[in-house]
Structure formats: C-alpha cells, structure tokens
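Here are my notes after a pass through the model. Have it open next to you as you read.

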Number of protein chains: 2
Amino acid sequence: MARGRRWTYARSGVDRGSVSESLRALLAGTKYRPPATSGRLLDLPGHYAGLVRIGRETLAITTDTVGTKVRLAEELGDWEGVGEDIVQVNVNDLAAVGARPSVLVDCVLCETPNPTAFAAIGRGLGRGLRAGRIALAGGETAVVPEIVKGIDLGGTAVGFFPRGRRPVTGRRVRPGDVVLGLPAAGFHANGFTLVRRLLRERSIDLQRPRPGARLPVGRELLRPGRIYVSASEAVASAASTHGLAHISGGGVRNLVRLRPDVRFELDRWPAPSGIYRWVQELGAIAPEEMYQTFNMGIGFVIVVAPGAVDATRRVLLRARAGRAQVLGRVVRGSGVSLPHLGLEYAGYS
Amino acid sequence: MARGRRWTYARSGVDRGSVSESLRALLAGTKYRPPATSGRLLDLPGHYAGLVRIGRETLAITTDTVGTKVRLAEELGDWEGVGEDIVQVNVNDLAAVGARPSVLVDCVLCETPNPTAFAAIGRGLGRGLRAGRIALAGGETAVVPEIVKGIDLGGTAVGFFPRGRRPVTGRRVRPGDVVLGLPAAGFHANGFTLVRRLLRERSIDLQRPRPGARLPVGRELLRPGRIYVSASEAVASAASTHGLAHISGGGVRNLVRLRPDVRFELDRWPAPSGIYRWVQELGAIAPEEMYQTFNMGIGFVIVVAPGAVDATRRVLLRARAGRAQVLGRVVRGSGVSLPHLGLEYAGYS
C-alpha cells in the first residue's frame, strides 16, 4: 500500500480481490521520484499521511472524502455534520502522525447547485476548521451531473511539525507500551454503506430514536466525527508518546499501520454498546466484522511508554482533549487481539 | 471568490446565478483563521493557488479534478490521457504562481473496481508526475457506486518557492508589459461537457478524424493537456517575469485573475483553427463564448517587462518549454480585449 493511501469501499458487495488488483494496477505506474530539489518524500508505507521534506520543513499531506455518509445527509436534508466531517476525516489523519494542521482545501462535487445544502455544509466546514485549527486555503466546487449523484464531499489537508517535534510514526512502539484510547462520537464517517443498507432492509424510521436513546436515529448517525487535533497537539511532542492511530475504516486493524512486528493486546477495548450494539444486532453482524469496520467507541489511540500513562492522561484532560482510557498493551508478536471478545486480526487490510 | 477556488460547471444548462449563490453560501461559514502558530495564509483572492507561510517556507496548494473529460475516456475505453490530466490540472495551477511542484495526492472515485482502466490511469499519472516533476505522496481510492457514475479523477498538489524566488502573483504587471503565450495541446481538461453534447447532437463518429486531421476525433480530444512546469521553472525567478497564467476554464478571462486594474490587449491571440474551429463550427458557437470557455490554442501565459521579451523566449527554448509567441500587451484600463476578433471581457467570472 502506498504512503498515505487507503482503499475505502462498501464491505458489502465489493470484491476485495478486484479492489486490490485495481489499486496495484494504478500504483504500478507511479513510482517516479523527482530530483531532490523538488523536496524529499519520506518512506512511510501504509501510514495515515504522506511526509515530505521541503527546505527546512517537514510536511504531512492527506486526502479523504466523507464517503457515503453524504447519502444519509441527503435523505435527511441535514448537511451541517458532513460539512464538518470534511475536516474531520482529514485532520485526524494528520493528528495520527503528530502533524499540526495548517491548511485544507475542500472538493465539493454536486449534481445541481443547492444554496441551502451548501450553506449548511459551509457552516459545518467552519466548525471543523475551528476544531481542527486549520485554515481553508481554497477548494474546488463543480457542478457535474454526469459524474456525481447528489453531493460528494472531500478534501486534502496539509500539516507540519513545529520546531522540535518529529513525526510520530509508531516506529518507537515496543512491547510493554500501554495503549490509551479517546472516545469516538459514533461512527464518524466510516461504514455508512453497510449501516444504510441495514436501515433500508429493516425499514428503520430515521425520525425515531432507537431504544434507549433520545436523539432520532438519523440525527444520531449524522453527528460529525470527533476531531482529535487538540489531543495530538497535547501529546505529539512528548518522547514518551510512541504511536498515534486514527481509528477509521478498518477499525482496530488500524493499529497494525503503526508497527507490524508487535502485537496489540487490547483486553479492555469496550464491548459493543449504544449505537454500535444496536447496529450489530440490526444486521446480526459478527463481532469480527464490527471491529474491523467501525471504530467501536474509540476514535483515536495513543501508545505510550508504561511510565507515562498517568502524565499523558493528565495532559489530555488539561488540553480538554477528553478522558483517555487504558485499552491494553503492546506485547511481542504481531497483529491485534481483543482476547475478552475472542477476536484476533493478523494485518491491516 | 476564495483563494485558489474556482467554480467549474457545464456552461450549458446550469444557472450561473444559483451556482454563485451556492458558492457564496458555502464560503460564508469558513472565514476562520487559526492562530499564527499553525501557519499564515497569504491573501490572494481568486488566484490559482492558496499560499501559506509555514515556518521558513512558503507553500502553494491547489486542488482540481479532470471534470467530464473522464466520460469521453470511458466512452472510448482510453484512460491513459486523463490519468496524466490529474497531474496537469493541478501542477499548471502551481506553475501559474511560480511555485515548484513537490507532492501530489490523487483521488480516484469509482462505481466498480476496474483493473484495466486503473492500470492505464496509473501509467498516465506516472507520465504526468515525470512531466510535472512531482512525487505521488498518497491518495484516496474509493469504490462508491452510490455517489459516482463511472470514474472521477481529481487531486491536490503542493508546491513551494525555492530560495530566492517569490510567488508570482501578477501584482507587478503594469502597462507596457508584453504578453507571451505557449501553445496548448487541444482542450486540455476544460469545456468537455459542451464538447460532448455537440458530439452527441451531431452524431459524430469518434473513430474517424475530423476534416484535415489524422488522428480520430476521439483520440485527438483525449490528448492530455500540456504541462507547463518547465516553462514556469525557467522564468519564475526572473525579476522581469511579472505575471503567469494558466488558461483553463474561463479562457482568456483567466488573465483578469492577475490584476483587475490593467487591461490585457491581446491583438495577436490566435484566431480559431484546427480542433477549436471545428468545434466552434459544429456548435455554431459565438466567438465570445469560445474564448471564455476554451484555451483557444494558448495554455500558459507569461507577462514580461517589455525589454525582456527576447531573453524570456530564449530561456524557454533552452528549457525545452516551447516556442512562446507574443499575444499582445498590457495597457491602462481593465478587462481583456481581443480587438482583431471584436471581443471584450470585463472580468473573470
């Protein structure tokens, strides 16, 4: 897998083989490296962001879309949350290499111009910029009914490493380290093709809350993803922070992106509850599939030296970045296991 | 218009009023500026790229898609050229502010995985990277049949200003300057919604050449756009280079982006010939519309001090960046005029 590249796809109905084959085919032609006078790409295969050294700065760049969550926004005529998600899906990937977000460009493709939807997307985008402490430096907005159904929302974010901070790649993760997690705000922007299929098949009324909840299901699902920039900023410069991970598509498997040659034993990752459990039961989805598709309650992971657990949690609280919980630890081996749930994953994809 | 932001749309059948209203609505919410410790956005409204100062470097960022040219690629099953265009549409916007391209991320959205198309796109992308002297630093590839028809191709490029070079914004353009132009390779990636509608309405056989041409019309139209990075690199550091422009959607009006308070009198911009003339006659399109929709034979413009014309042309030849022709000059006033064709444009959009 190329640096900073990720396949996202509907896990239902898409053949993984042809997906991987297509990606390999695409990347086969793109090995070119420009002369060093154009900057130097740092090798970080399969990671959250591409890193490049330009002059005296190291930059991180990442690109992502909100995916099929926009279809739910359209069904409910509620666009603000997905506007914020344009920022979220991108800055959280910068946060996962410890880069400080600097500028974002958005890409909005639509079938027809829609001032009402656009105003809401703009409001959400603005909220995301604030939470991600990032400036909008331009964008592309195209009316392309021949290419797009409804509205597609995506963007690209660029970050950098302030003086004295180095990229947090996971290279320093080692057996004995402790895995901390910060809560997610629902499904963020992953797994929506599957979720929407279940909602349709089970004829769920989106205007009513699920049992035990107050918000209507539609609004609960459209909640924008949490932005972990203040968390990353709080811990990324510390020598005791060995790895960071954004739990996006791929679920707990994302941890393997940090280091394939250690084992993440997550005996305290939460069991499915709330909206996660509701969706799991709705689709009779196997736990194995749940934990490799959704974030399962944890949106951002911080791997720290064993002696730094308390200090890290305090720093996060002081930065108003949330209450980190201990999820487990790093041991010898490979892959990810959730022994209390009987789950075991070998690799990332 | 926001920095580095552009609306692209089918000029046929899309209401410009609601398009502008949507864009204004989107941007209304996005005025947030992060603290200076996150980098400093430079004000350059309506220009080709966003500029940001990060630490000791100034970066340029731009994002664009290939647009509806991909539909023609699909009809002909010929994807290599539009793969190259992913790079072209982005690096030419960097070239237009004098930034040296460094890294690109691509965004490929598709309805179904298609290894054959993807391999061709990858080959084209690789050719574009080489011509644009830029590295692929990641990307997003998503199978999203609920959002996309066929394949959508886009990307984001980041460039920088090597030691001693400042952004070329057009601020230094003044009356007396000479406007030089470099040839385009056909329509590049603009105006394809209109072109394709004409091809359909006139039942044009894409496998046959138009009168006077050797290549089949389909292949002629799918030629990738020319990449002007070597041209920009050759002239951007010279004090006599006052402005650069990428002639993309908006045609000759693009020059107004450099400076709204001078007048570009382009009495030697080529009259329609070749594929341009053929399309114009096919659709009985008014010259005014042709020159504000297509590049009309000139893909990149260099505005230089009057004494620097010969030296600039020599430098471009030495850099193998092509033979620049004199298109006209800068005078007092505003807008763009092509007096030999009776054309007059007030502003950019």
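Which strands of chain A does helix 3 of chain A lie across?

1. Helix 3 of chain A lies across strand 9 and strand 11 of chain A, and its angle to strand 9 of chain A is about 165 degrees. Keep in mind that this is a predicted model.

2. Those two strands run antiparallel and are joined by 5 bridges, with strand 11 of chain A covering residues 298–304. For a pair to click on, A:Gly243 sits opposite A:Val303 in strand 11 of chain A.

3. Now the sheet: it is open, has 7 strands in the order 9-11-8-12-10-13-14 (chain A), and its pairing is mixed. Strand 9 (241–246) and strand 14 (343–345) of chain A are at the edges with a single partner strand each, so one side of each has no neighbour in the sheet. On average, neighbouring strands here are turned by 20 degrees against each other, direction ignored.

4. Helix 3 (residues 80–95) of chain A also packs on helix 4 of chain A, at about 35 degrees and with the axes 6 Å apart. Their crossing is right-handed. Residues making the contact include A:Gly83 and A:Val87 of helix 3 of chain A, and A:Gly124 and A:Gly128 of helix 4 of chain A.

5. Strand 5 (residues 100–110) of chain A pairs with strand 6 of chain A in the parallel sense, over 7 bridges. The chain gets from strand 5 to strand 6 of chain A through helix 4 (residues 115–132), in a right-handed β-α-β crossover. Strand 6 (residues 135–143) of chain A is largely enclosed by the rest of the structure, because 9 of its 9 residues are buried.

6. Finally, the largest nonpolar core has 225 residues, and A:Val301 and B:Val301 have the most contacts inside it.

Methods. Residues are numbered from 1 along each chain as its sequence is written. Chains are lettered from A and ligands numbered from 1 in the order in which they are written. This is a predicted model: local features need pLDDT of at least 70, side-chain atom pairs count only at pLDDT 80 or more; totals for chains, interfaces and linings use all residues. A residue is buried if 20 or more other C-beta atoms lie within 10 Å of its own, exposed if 12 or fewer, and partly exposed in between; C-beta atoms are placed from the backbone. Helices (H or I, at least four residues) and strands (E, at least two) are DSSP runs, numbered from the N terminus. Two strands pair if DSSP finds at least two bridges between them. A crossover is right-handed if, with the strands pointing away from the viewer, the path from the first strand over the helix to the second runs clockwise. A nonpolar core is a set of buried Ala, Val, Leu, Ile, Met, Phe, Trp, Tyr and Cys residues joined through C-beta atoms within 7 Å. Axes are lines fitted to C-alpha atoms, for helices over the stretch in contact, and angles run from 0 to 180 degrees between N-to-C directions. A crossing is left-handed if the near helix is turned anticlockwise from the far one by less than a right angle, and right-handed if clockwise. Two residues are in contact if their C-beta atoms, placed from the backbone, lie within 7 Å.
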